[in-house]
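Student: Please walk me through this structure, one feature at a time.

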Amino acid sequence: MGIETTSSAAAPPAVRLRGSRIGVLRVPDWPIVVARQTGALPAGGEHGSPGAVVHAMRIVACDEGARADGVRVGMRIRDAQAASPLLALAPADPVGEALAFERVVRAVLAVVPAAQPIGDGALAFRMRGPSRFYGSEPRAIEAVRGALTPLGLTASFGVADDRFSAELAASGSGETIVPPGGSRAFLERLPVGVLGDDELPGMLHRLGVHTLGGFARLPDDSIRDRFGEAGLIALTRARGEDDRRVDADGLGEERVLRLAFEPGIEGVQELALAVREPVERFVRQLAEQRLVCSEIRIVLRGEEGHVSERLWRQPGFLRAGDIVDRMRWQLTESELGSPLVEVVAAPARLDADAEHMPGLWGGGDIDDRTKHALERLQGMLGREAVLTAAPGGGRLLAERGVLTPWGDAAPAPAAGPWPGALPPPRPSVVFRPPLPVRLLDEAGAQVEAAALDEREGSPATFSPPASTRRRVVAWAGPWPIRRRELGDVVHRVQILDGEGEAWVLLHADGVWLAEGRYA
């Protein structure tokens, strides 16, 4: 079995260089390009069907033919199909798009020393060296354009003193070179909507500010007071002073571990043996830069093209053994359907090692002995046997706290507000899933939530899970909760039984369920 390994741990990005300029390359409609290359969309062309890429029932990318029919990004699928009856659809594949973009990156790095992908089919590169080598900025762009020719790709280019202006310059067609010192004049007439923040442009419109030039003339203190730090960042960009730069060492020195296997790997033990030494070397290289990884994104690719991507996180930082374990677990839980041929491990968060060193009197996020004990339990009992809790969002009690396996990244809480959610204090015992119970009236018949709502009935007895029947001393409710997965409308009731225990019950599809208990 041959193993190809490329890894590095570069120094932090360099400070901004005075007089340096940035070029941006953008492949238009990159998700469409990838979908056509992989066969997810039919081939385009003069007589080809218009195409679009969708996610969460909305259009996230479309080609020129679809736009000519009136299809726009953000449109609902049914509205897009009404506007373009021949519209072909493909599901979004961000992992496949990122992997496919590596070919573009390698082609560009053949003619420029430093480049950095910035998403959405775009790449930023420093112009200082290439413009000197090729004689001018237009000639440097022609060299980059020529590097894309073997890939059959066309791109638009933008060059400016700052990255924000260069990105906007590349959003058109052909090439746009903003003269040195001309970023603010270039941005002056552009609408505030190009800032990309859905909330900020709307508020600026209500204040009568419609262009970046008008926004740039507002005082810093007023923007800070009204919009906070995010507003100041947007103000800096509107003035042509965006300080985001391209990594001075280029993408070729990005902190990424890539492993390729020929022939492919089929078992987790074989994977562990193959990756242990490269992972240990990768972690040592980070340590030489005084860095540790606290979040890592692992991508597994099977021989038939199926991909598994996952973000892993744990308190403290990830050692080499932690990363190997997570590769094993991910392979076990993935459904690649073919031998594993490639592993990519990209740190999503790098911290200075000093941030994780114990203080003079101890301290730190978590005691090392506790961490070791949890990892040992997880190794013996399985990944799902050791869980951590994080706040969640939702109307049901089980949604208010999210349990994830130790080492997994907790999902971001869904945004509220949550009408119908139980206010504090909440029950200390939450049943996952809710347990079936019985709530009966004086005649021994099951109580219906509708009858309680109209005060046509009253609960008399209650049968908790795995216990004998109890008398209902007091009750309150019902309160409706709209949850389609549990029925059109779920009703919540609180009761106090004769044993002095308080319960939260749900009535869904004619069945009573115990959601929680006040201990």
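The dialogue below takes strands, then a core, then a pocket.

Tutor: This is a predicted model, where local features need pLDDT of at least 70, side-chain atom pairs count only at pLDDT 80 or more, and totals for chains, interfaces and linings use all residues. Residues are numbered from 1 along each chain as its sequence is written, and side-chain values use heavy atoms, with hydrogens and water left out.

Student: How do I read strand pairing, and which strands close into a barrel?

Tutor: Strands of a sheet pair through backbone hydrogen bonds, either parallel or antiparallel. Strands are DSSP runs (E, at least two residues; helices are H or I, at least four), numbered from the N terminus. Two strands pair if DSSP finds at least two bridges between them. Here six strands close into an antiparallel barrel, in the order β16-β17-β18-β19-β20-β21. Within it, β20 (502–508) and β21 (511–518) share seven bridges. Leu505 has Ala514 in β21 as its bridge partner.

Student: Which residues of the largest nonpolar core touch the most other members?

Tutor: In soluble globular proteins, nonpolar side chains tend to be buried together. A nonpolar core is a set of buried Ala, Val, Leu, Ile, Met, Phe, Trp, Tyr and Cys residues joined through side-chain atoms within 4.5 Å. The largest one here has 27 residues; Phe261, Leu271, Met327 and Leu340 touch the most other members. Its largest share, seven residues, comes from α12.

Student: Which residues lie nearest the centre of the second largest pocket?

Tutor: A pocket is an open set of points on a 1 Å grid over the protein atoms alone, where a 1.4 Å probe fits, with protein on both sides within 12 Å along at least five of seven lines; lining residues have an atom within 4 Å of a point. Of the 18 lining residues in this pocket, Arg26, Pro28, Asp29, Asp120 and Ser171 lie nearest its centre. β4 gives the largest share of the lining, three residues. Asp120 also sits in the turn of the β6–β7 hairpin, with a positive phi of about 60°.

Definitions and conventions
Buried means under 20% relative accessible area, exposed over 50%, partly exposed in between (1.4 Å probe, protein chains only).
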